[in-house]
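Subject: Structure handover

Hello,

Here is the structure I promised to pass on. Please open it beside this email and follow along as you read.

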Amino acid sequence: MTHGQCLCGTVQYEIAGPFTLMMSCHCSMCRKHHGASFATFVAAPLAGFRWIAGEDAIASYPSSEHGRRQFCRRCGSVTPTLMPEAGLAIAPAGNLDGELGIAPQFHTFVGSKAPYYAITDSLPQHEAMPPEFGGGTGVERPRVAQREGVVDGSCLCGAVAYEVRNPVRMYHCHCTRCRRGRSAAHATNLFMSIDSLTFTRGEELVTQYKVPEARFFTVAFCSRCGGGAPRLSRERGFATVPAGTLDTDPGPLPIHHIYVDSKAPWFTITDALPRYAEGPPG
């Protein structure tokens, strides 16, 4: 049995497996919902899935006429999608514990890939959904024009929006908290001074969850759709933006992988960026 849970631990479940599919999706809807550079999902027979706790804490957002996005309303973590018609349970791999007995097999929707993220592995890449899974180009979403000196971002439903000036740095973080909070292989976070970020709408819809035993670790998300949102750390004077929520190119590329000692065992780092066992230097 493989155990899975959200960041706060309210939603917990088990999957008997075996996992039959593992793929990474780069579509803008997955990026915005998770707040990550891409989302990685695994599929397993529905008969081997069971909720342990917290099913009543799951919120659902209709992201299109074709589907819904589920998340924990307390911490924002993405929760599994059950597909009785196909006999499958689809789970975000970032919330699962330990070895899964499977590795990512391909990338989908790379035509919508984040401009700051480079795919450096040798896995097959599909511009949209592979033909063997029904094909299709997905839901067309409005594009935001690049503005000089400004980076725009928004949540999945668009109710929360912000703009950033003078971003400082970007990290890929592989710590367990980030993986569970973003329900992904890792988090990619953009940092800037707190006065460099301005909400243009929907700040009142942003919910925050702080891990009780952590000194600072807090995630922020839109209470309507569960999509990632910026976190203003007033006590430290900076803002953290989940990079998957960006609508335009931030310019500075990720500079480090951090907390790689906590990396998901099923994810392989294949790029040449510096790696640090724990936090970044300095």
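Start with Gly 251, which is found in the loop between strands S19 and S20. Keep in mind that this is a predicted model. Gly 251 is partly exposed, with a relative accessible area of 48%. Now find Leu 205, 46 residues away from Gly 251 along the chain. The C-alpha atoms of the two are separated by 28 Å.

S13 and S20 run parallel and are joined by three bridges. For a pair to click on, take His 172, whose bridge partner in S20 is His 257.

**A pocket**

Next is the second largest pocket. Its volume is about 770 Å³. How many residues line it? The lining has 30 residues. Nearest the centre of the pocket lie Asn 189, Phe 191, Phe 217, Arg 236 and Thr 240. Several elements give two or more residues to the lining:

- strand S13 (169-173) and helix H2 (176-182)
- strand S14 (187-193) and strand S17 (218-222)
- strand S18 (231-233) and strand S19 (238-242)

S19 gives the largest share, four residues. Sorted by class, the lining has 19 nonpolar, five polar and six charged residues.

**A second sheet**

There is another open sheet of five strands, ordered S8-S9-S4-S3-S10. Its pairing is also mixed. S8 (81-83) and S10 are the edge strands, and each pairs on one side only. Neighbouring strands here are turned by 30° against each other on average, direction ignored.

S8 pairs with S9 (residues 88-92) in the antiparallel sense, over three bridges. Within that pair, Met 83 stands opposite Leu 88 in S9.

**A hairpin**

Move to S6 (residues 58-64) and S7 (residues 67-72). These strands run antiparallel and are joined by five bridges. A hairpin links S6 to S7 through two residues. Ala 59 has Phe 71 in S7 as its bridge partner.

**Cysteines**

A disulfide is a covalent bond between the sulfur atoms of two cysteines. How many does a search of the whole structure find? The count is zero. Cys 8 is in no disulfide. The nearest cysteine sulfur to Cys 8 belongs to Cys 6, 3.6 Å away. Cys 8 is buried, with a relative accessible area of 14%.

The cut-off is 2.5 Å between the sulfur atoms. Cys 178 is buried as well, with a relative accessible area of 8%.

**Two residues with positive phi**

Asn 166 and Ser 183 deserve a click each. Asn 166 is not a glycine, yet its phi is positive, about 60°. Asn 166 sits in the loop between strand S12 (161-164) and S13. Ser 183 is not a glycine either, and its phi is about 50°. Its place is in the loop between H2 and S14.

Is each one buried or exposed? Asn 166 is exposed, because its relative accessible area is 59% and the cut-off for exposed is over 50%. Ser 183 counts as buried, at 0% relative accessibility.

**A last stop**

Finish at Pro 131, in the loop between strand S10 (106-108) and strand S11 (151-154). Pro 131 is exposed, with a relative accessible area of 67%. Pro 131 and Ala 239 are 108 residues apart along the chain. Their C-alpha atoms are separated by 41 Å.

Best wishes

Note on methods: Residues are numbered from 1 along each chain as its sequence is written. This is a predicted model: local features need pLDDT of at least 70, side-chain atom pairs count only at pLDDT 80 or more; totals for chains, interfaces and linings use all residues. Side-chain values use heavy atoms; hydrogens and water are left out. On a 1 Å grid over the protein atoms alone, a cavity is a set of points where a 1.4 Å probe fits but cannot get out, and a pocket is an open set with protein on both sides within 12 Å along at least five of seven lines; lining residues have an atom within 4 Å of a point. Grid points are joined across faces, edges and corners, and a volume is the space filled by probe spheres set on the points. Ala, Val, Leu, Ile, Met, Phe, Trp, Tyr, Cys and Pro count as nonpolar, Asp, Glu, Lys and Arg as charged, and the others, Gly among them, as polar. Two strands pair if DSSP finds at least two bridges between them. Buried means under 20% relative accessible area, exposed over 50%, partly exposed in between (1.4 Å probe, protein chains only). Axes are lines fitted to C-alpha atoms, for helices over the stretch in contact, and angles run from 0 to 180 degrees between N-to-C directions.
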